[in-house]
Amino acid sequence: MRRVLAVMLLAAGAARAADDGLAAQCARLRDDDTVRGYEPSLHAGLVNAFERLFPSTPAPPDERAVETGAQIRCMDGRLLACFAGANLPCGKMNRSRDNPGAAAFCRGNPSAGAVPAYAAGHDTIYSYRCVSGRPEIGGTLFSLDPRGFAAELWTPLN
């Protein structure tokens, strides 16, 4: 009987959360690092976010780019948007200075001026170069927000 009641309570809570809408859930939760995909009810806000992140893109933005690339998460009670792409990582970033992929690349390319993202990883916050077969940090690609995401790639929906 307890199991049935617990399942019913969980189902009711999930139904209420779905009815609340993502913005209301976010306001209540404050922070949720779950990255979600495109949500049709947020389309207008996503278009505005896309235009803020990519001001040089002709308006209106490519609807397909908005719908297929949109990623949404919650921070400080606000919905944020990111648009994933080849070198636009929307997940949490890797802040480790030790990069095995860069090290392997540099062993095979001892004086390469840059380690490509496919080797270093798209989630690293650092750029690397090879010096005498070893990776060396050349700079910082992204700054991190308080939750560990690339601050430059996320913007509020409103």
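Helix α3 (residues 43–53) lies across β2, β3 and β6 and runs at about 60° to β3, where helices (H or I, at least four residues) and strands (E, at least two) are DSSP runs numbered from the N terminus. Helix α2 (residues 22–29) lies across β1, β2 (70–75) and β3, at about 115° to β3; axes are lines fitted to C-alpha atoms, for helices over the stretch in contact (heavy atoms within 4.5 Å), and angles run from 0 to 180 degrees between N-to-C directions. The model is predicted, with local features requiring pLDDT of at least 70 and side-chain atom pairs counted only at pLDDT 80 or more, whereas totals for chains, interfaces and linings use all residues. Residues are numbered from 1 along each chain as its sequence is written, and side-chain values use heavy atoms, with hydrogens and water left out.

The open sheet comprises four strands in the order β1-β2-β3-β6, with antiparallel pairing, two strands being paired if DSSP finds at least two bridges between them. Because β1 (32–36) and β6 (155–156) stand at the edges with a single partner strand each, one side of each is left without a neighbour in the sheet. Strand β3 (residues 78–83) pairs with β6 over two bridges, and L80 stands opposite P156 in β6.

Strands β4 (residues 126–131) and β5 (residues 134–140) pair in the antiparallel sense over six bridges, forming a hairpin with two residues between them, in whose turn S132 has a positive phi of about 55°. The bridge partner of C130 in β5 is P135. C130 is also 8.4 Å from R107, C-alpha to C-alpha, at a sequence separation of 23 residues; R107 is found in helix α5 (residues 100–108).
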